[in-house]
Amino acid sequence: MVETGSSLPGRTVLAALVAAWAAAGCMPDNKGVSPPSDLLHYPTAAILAPDGDHLAVANSNFDLAFNSGTLILFDLDAIANGLLPGCPDEGCEPVEESEYVLADDTVSIGSYSSFLANAPDGGRMYLTVRGNNSLTWFDVDASAAPGRRLTCFDPDDPPRSRKCDTEHTIHSGLPADPYAVTTSRATYALDGDEVDVDWIFVSSLTDSEVTVFKAEVSAETGRDLAPTHVLLEDSFPSGVSAIEAHPLIPSIFYATTRSSSALYTFGFASDPQDFDGSTRIVLGATIP
């Protein structure tokens with residue numbers, strides 16, 4: 001049920017214990033209890049799906065009551081048509097969220113999810129997860145049949161538990177405690193053709209590192225390829241909390257941090273002849 005939070009002492013103690021486990025690198029998930037597919041459970045991230053009709057919400061499993069977190073889809077049309085029109089001016093009573101969750105499309109993720117971001121073309125979502133130190137990506141097709149609208153596995157051969165497979169879960173090259181994630185698309189001229197590349201930036205909650213991944217569009221298949229690690233930059237202030245691209249100059253970015261009261265700028269460049277060897281980040285002006 002969707003309801004306001006509780007201030008029970010037991011929850012305060014539990015939160016402190018869980019935070020201590022996380023700080024120590026211990027993740028004692030409840031390996032025997034699967035999470036519900038149609039309920040909220042300590043959600044930490046939400047993003048509007050590209051079609052505008054669905055809201056993706058990441059459940060963090062913060063109290064480790066289950067063996068994983070989940071990513072669920074809310075049907076916003078159902079909320080708008082079935083719930084909101086009947087609300088009085090003073091607001092609605094709590095409702096069962098299961099009435100508005102598309103449970104067939106729920107997928108299992110690691111515990112302690114942080115941020116969600118859409119790919120520039122809307123065909124993917126990216127999620128950072130601190131529990132297993134991963135970047136997890138999902139294929140998104142809101143017009144598909146139930147069970148195929150949100151997948152992090154082969155939709156033609158889904159696992160029984162709808163758990164993300166290894167091809168959709170990246171661990172290598174990430175900073176510790178992956179946190180904010182941002183995407184930006186750039187178009188390059190390569191051998192007379194135009195190549196679209198999505199850049200994915202992942203920051204650390206605790207360190208000064210930002211990792212850069214790239215996902216190219218394959219001309220043969222017309223589909224984005226799996227993200228590959230390109231660069232790890234450790235010259236940022238610690239705890240970068242958000243990264244945003246300039247709306248008109250895609251090579252300029254802005255970053256905020258948890259450790260200072262300033263706005264940081266940085267430049268980004270890459271040569272399509274050698275993405276791995278030429279990609280670089282240069283810190284720019286700091287705006288206190």
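Author: On a 1 Å grid over the protein atoms alone, a cavity is a set of points where a 1.4 Å probe fits but cannot get out. Grid points are joined across faces, edges and corners, and a volume is the space filled by probe spheres set on the points. This is a predicted model, in which local features need pLDDT of at least 70 and side-chain atom pairs count only at pLDDT 80 or more, while totals for chains, interfaces and linings use all residues. Residues are numbered from 1 along each chain as its sequence is written, and side-chain values use heavy atoms, with hydrogens and water left out.

Reader: How many cavities of 30 Å³ or more does the count give?

Author: The count comes to 1 cavity of 30 Å³ or more. The volume of the largest cavity is about 40 Å³.

Reader: Which residues line the largest cavity?

Author: Lining residues have an atom within 4 Å of a point. For the largest cavity they are P35, P36, L39, H41, N59, N61, F66, S68, G69 and T70. Sorted by class, this lining has 4 nonpolar, 6 polar and no charged residues. Here Ala, Val, Leu, Ile, Met, Phe, Trp, Tyr, Cys and Pro count as nonpolar, Asp, Glu, Lys and Arg as charged, and the others, Gly among them, as polar.

Reader: How do I read a sheet?

Author: Strands of a sheet pair through backbone hydrogen bonds, either parallel or antiparallel. Strands are DSSP runs (E, at least two residues), numbered from the N terminus, and two of them pair if DSSP finds at least two bridges between them. In this model, an open antiparallel sheet of 4 strands has the order β10-β11-β12-β13. Its edge strands, β10 (178–190) and β13 (228–233), each pair on one side only.

Reader: How many bridges link β10 and β11?

Author: β10 pairs with β11 (residues 193–204) over 11 bridges, in the antiparallel sense. T183 stands opposite I200 in β11.

Reader: Is D198 buried or exposed?

Author: Buried means under 20% relative accessible area, and exposed over 50% (1.4 Å probe, protein chains only). D198, in strand β11, has a relative accessible area of 1%, so D198 is buried. Its side chain makes a polar contact of 2.5 Å with that of R185. Such a contact is a pair of N or O atoms within 3.5 Å, of which, within protein, one must be able to donate a hydrogen and the other to accept it; residues adjacent in sequence count only if both atoms are side-chain atoms.

Technical notes:
1 Å grid on protein atoms, 1.4 Å probe; cavity = no way out; pocket = protein on both sides within 12 Å on 5 of 7 lines; lining within 4 Å.
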